[in-house]
Structure formats: C-alpha cells, structure tokens
Amino acid sequence: MEGHMPKYAPILILLALSGFVLLIRNITSMEKLNCQTMSAFYQIQSSIHSAFKTPEALLSVELNHTYCAHLGQEPTAEEAREESDLLNSISWPGPLVPGLPLRLSSDPAQSYFVIRGPAEQQEGGQLVVDVYMLNFMGQPKKHGGDFLVARLHSPDLGAGVVGQVHDHRNGSYTVLFPLLWAGVVQVELTMVHPSEAVVVLKRLREEQPDRVFFKSVFRSGFLSETTVCNLCLPHKEQPLCNFTDLQTGEPWYCYKPKMLGCDTRINHSKGGYKKNLLTKNEAQFFQSGVNIKVPIHSSGMDNVTVLPTEKGETKMKSNKFTPAGYYYHDSWRPLSGTVMRQFNDSSAITQCLKGKIIHMFGDSTVRQWFEYLNAFVPELKEINLHSPKNVGPYMAVDSGHSILLSYRCHGPPIRFTSVSSPEMHYVANELDRIRGGSDTVVLVGIWSHFSTFPVEVYIRRLRHIRRAVVRLLNREPATLVVIRTANLQKLDPESSLFNSDWFSQQQDVVLRAMFRGVSVQMLDAWEMTLAHYHPHLLHPPPTIIKNMVDLILSHICPVREKREAPSKRLKRDP
C-alpha cells in the first residue's frame with residue numbers, strides 16, 4: 001500500500017486544491033449574499049434591551065420596543081430628570097388628527113406674513129412679523145407645528161440676522177427680529193416642512209432609526225465576510241458581535257460572521273439607506289418646490305427702513321430677542337461680548353496659534369476647519385498618516401512656531417466610506433487622554449450622523465462628552481473648549497427623511513441645554529448659516545468657514561478693547 005502512494009500523490013494534491021478553490025468560491029458567494037441582503041435585514045422592526053457592565057465579544061440579547069433607547073450605562077437620577085426635561089423641551093405641536101390629506105396641509109404659496117408697525121423703524125428696536133398659514137384649499141390652518149425659519153437681511157450691506165419664531169399653535173406665528181443696523185432690511189421667511197411632514201419625521205425617528213445602516217468587513221487570511229452593524233440589531237437573524245465601548249458604555253453591534261470570529265473586524269463604513277419609508281399619502285408632504293423649503297411671501301410690504309439713532313449708542317433692551325450674532329459686510333459680529341477679529345493674513349493666524357495644540361473631534365463639518373487652516377497657513381505642514389481621504393485622522397505641524405493641529409472623527413454611528421476599526425475612537429475617551437492647559441484648544445462638533453436615531457441616543461452621547469469635558473476642565477481650567485452646533489442644509493424629498501433640518505433643530509436645542517453652565521464657548525453654526533445669504537449646505541461654503549475660524553481664533557487670542565458695531569455700538573441694558 002505504501003509503495004503505491006507516490007503514484008497517486010498528484011491526484012490527491014489536485015483534489016485538495018480543487019476543494020480549496022471551491023471553498024473560497026463559496027465564502028465569496030456568502031459575502032456577496034450578505035451584502036445583497038443587508039437591506040432585507042433592516043425591514044424587521046425590533047430592538048434590544050440590556051445594560052452592559054462588562055461586555056463580551058459575542059452576546060445574546062433581548063428585544064424591546066424602545067429600540068435601544070436604554071442601552072449603555074444607566075444615567076443617574078439627576079441625569080434621568082435632565083433627559084425627561086430635555087425631551088419635554090423639544091416636544092412639537094402638530095395636527096390633532098393624523099393622516100390628513102395634502103389639501104388640508106400647509107401651503108406656503110398661499111400662506112403669508114404681515115409686518116407690524118410703520119415702514120420706518122428705529123435702530124435698536126425690534127421688528128415684529130405675523131405669519132398666517134393656509135392650506136391648499138386656501139383655508140386658515142387651525143393647528144401649529146409648521147417648521148419655519150426666518151432671517152432679516154440687507155443684501156447691499158452684506159448684513160443678516162436670524163429671527164425668532166413663536167408658534168401660537170393655532171395656525172399663526174409671530175417672528176421677532178432685532179434691528180441691529182441702519183438701512184433697508186428685508187424679511188425672508190421659509191417653511192422648511194409643514195406640520196403634517198413633521199409628524200412623519202417624528203414617526204421615522206422613533207420607529208425606523210435603522211433607515212441608515214452600516215457594515216463592517218471581517219477578515220482573516222484569505223477569508224473575508226461583510227455583515228450589517230448598528231447601535232442595535234434584531235438578534236434572531238443570527239448571533240451578534242458586541243463592540244460596546246468599555247469606557248463609555250456606548251453600544252455598537254454587528255451580526256457575527258458565519259465563519260470568522262468577532263475579533264477579525266477590520267473596518268466600519270456606511271452600508272446604505274433604506275427605501276420605501278413612506279406611504280403614498282405621506283410622500284405628498286415631501287415635494288421639492290411645493291412644501292420643502294419654500295418661501296412664504298408678504299401680503300404687503302416685505303421690508304422696512306431702519307433709521308439710525310441720534311444718540312451715541314443703540315440700546316438693546318434685555319426683554320427682546322438677542323441672537324448669537326449677525327453679519328455686517330459679510331463679517332460675523334457676535335453679541336456675546338467677544339470681540340471678533342479678522343484673520344485675513346496667514347501670519348496673524350500663525351502668531352495667534354504659536355505654542356498651541358489644537359485638537360478637533362467630530363464629523364466632516366469640523367474637518368472643514370482643519371482643511372481651511374491647513375490650506376491657508378503655509379507654515380503648517382500636514383503629516384502623511386496614510387489616512388483615507390475625507391476620513392482621517394489628520395495632523396499638521398508648524399515646528400518653527402510649535403503648533404500642532406489634529407483632527408479625528410467621532411465614534412459610530414458615522415456615515416463615512418470606510419474607517420479602520422483601530423481608528424474608531426469615541427470623543428469622550430479622547431478628551432480623557434488630553435493633558436490640557438492654556439496651550440490647549442479643543443474643538444468638538446457632533447450632530448449630523450445622529451439625525452436618524454431617537455433623541456435619547458444623542459443625549460447619551462453628549463452626556464459622555466460633557467462628563468469628559470468637565471473632567472478636562474477640572475484638571476486644567478485654562479483649557480479652551482469650543483462646541484459647534486448643527487447647521488442647516490439643502491433638502492430634497494429623500495434627504496429630508498435622513499437629514500432634515502428639523503432633526504438638526506431638535507439636536508441643536510438639546511446640545512445648547514446640556515452644555516449650559518459648562519465653561520465652554522458655543523459656536524453657533526445654526527445662526528451663522530441661517531443668517532447668511534449663501535444657500536444652505538451640509539458643508540458651509542468658504543465664506544462662512546472663514547468666519548467660524550476667525551471666531552475660534554478670536555477666542556484663542558482675545559482683544560480686550562471694545563470697538564463700535566456697524567454704525568453705533570450695541571449695548572444691552574442691565
């Protein structure tokens with residue numbers, strides 16, 4: 001028998017190689033099948049409930065109807081009360097009867113506004129505008145809940161300021177504008193969504209937070225599998241890999257590969273968007289040019305002339321609406337007391353940042369600041385970290401002036417093309433690694449990638465970041481921390497379901513409230529994009545980015561002396 005083995009050896013080797021090739025082809029087919037069925041997995045509406053103290057790589061979990069709202073570390077009693085108060089603060093009025101037809105919904109083309117008062121008004125005063133919403137039948141609306149935004153602007157002066165909208169919940173609204181400069185000012189009012197659309201957005205946020213799904217590749221040698229990932233997953237399809245963060249308790253799961261272990265995950269990426277989310281009736285409330293970001297016109301005059309004051313200064317009474325700032329000659333003028341400096345020369349930026357370490361954490365709207373500084377300041381030299389384009393991490397240095405600039409994206413959920421698993425860091429954990437001090441600046445912006453999830457998920461993430469910020473400031477109170485708010489963006493029928501400004505507005509309210517009382521500087525991207533004449537974009541144009549960077553630099557290198565605002569100095573009464 002042994003003597004015949006060499007004779008059959010080539011045949012046995014050929015059979016072994018054929019079996020190996022067949023195995024590889026089957027594995028490849030399984031991977032393709034996983035990719036093709038990702039969207040199908042997400043048609044299941046279910047969730048899980050558990051609080052994980054020491055998560056393991058593989059975990060079996062129970063379903064719950066709140067869709068992961070209570071995953072992660074348990075909040076303290078005080079934090080639970082805060083969460084309840086936050087949710088109450090963003091409650092939204094709407095129609096008493098759901099499922100109204102389009103003809104009974106808000107029609108911006110027939111709705112109108114009326115300016116109160118004379119055609120000439122005084123600088124330092126307040127312009128009041130009344131808004132009346134009508135449906136497509138030309139009848140007055142009887143309920144509120146329409147999402148309106150407003151700005152007052154003077155195109156010739158490059159000036160603009162946001163208005164404050166008050167919903168009277170009966171189909172009428174009042175908008176307040178501060179009169180901050182002299183000249184002809186024009187009212188611009190926009191209906192972002194009718195109240196009937198907001199009802200749909202609320203339903204999607206609570207019932208279908210998985211309408212954006214994610215995936216990860218698992219690889220070991222020649223074997224590779226791709227599976228679906230998210231904050232929580234229906235576990236009955238297959239076992240789960242638990243990637244919950246050990247420090248913060250932030251949950252993250254992937255379906256376990258069929259043939260590989262959970263420890264073989266190599267990346268994270270956006271999987272795609274679910275389709276067919278709306279009924280035929282609901283889809284009528286999301287029509288470009290009809291009821292998505294459509295202007296509302298005046299029934300009479302749409303502008304007034306603001307007369308300059310005769311006194312040496314204009315006084316803003318404390319009982320009037322005071323925005324974060326306004327534009328004048330395309331330059332942002334904060335009203336918080338910060339003196340805005342213009343950094344038009346790269347040498348001025350270099351001098352301001354000399355000896356500084358600037359850490360940037362967040363989404364791509366924060367990355368814009370890194371890209372602006374890296375391109376504008378020639379002394380900054382970017383270090384090649386072999387990072388994927390538009391993903392990071394990034395780093396730039398000016399060794400001659402001891403400047404270090406870095407950017408890192410926040411942890412999941414994040415809709416980037418592909419992020420290496422070792423580079424998936426949570427902002428709170430990164431903040432805990434920073435020494436801090438007067439030479440340290442921390443910039444944080446986190447909002448856009450949370451728009452599809454229940455607000456509780458966003459609150460939980462901000463809670464962890466806030467805890468880390470407080471720890472950092474306790475270690476080194478001189479550390480400058482700047483928090484970026486959300487901004488408005490371009491919307492169409494599809495993007496409205498995932499990135500609506502209404503989602504961002506809700507997050508914006510929560511963010512401001514959670515960092516109130518913490519020693520941070522708030523960069524109001526919402527007002528800086530709404531007040532400007534540029535169209536709304538997820539990534540604001542260079543003009544706005546420059547104003548944002550100049551404002552950050554003004555906080556880093558403040559000027560003590562006061563200067564006059566556009567025509568007169570603005571001062572708030574005690």
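Guide: A residue is called buried under 20% relative accessible area, exposed over 50% and partly exposed in between, with a 1.4 Å probe and protein chains only. This is a predicted model, in which local features need pLDDT of at least 70 and side-chain atom pairs count only at pLDDT 80 or more, while totals for chains, interfaces and linings use all residues. Residues are numbered from 1 along each chain as its sequence is written, and side-chain values use heavy atoms, leaving out hydrogens and water.

Visitor: Why is L472 called buried?

Guide: Its relative accessible area is 0%, and the limit for buried is under 20%, so L472 counts as buried.

Visitor: What makes L472 a residue in contact with G436?

Guide: Contact means heavy atoms within 4.5 Å, and G436 is among the residues that L472 touches beyond four places in sequence, including I434 and V481. The C-alpha atoms of L472 and G436 are 6.7 Å apart, although 36 residues separate them in sequence.

Visitor: What makes a set of residues a nonpolar core?

Guide: Such a core consists of buried Ala, Val, Leu, Ile, Met, Phe, Trp, Tyr and Cys residues joined through side-chain atoms within 4.5 Å. The largest one here has 114 residues, and M360, W369 and F515 have the most contacts inside it.
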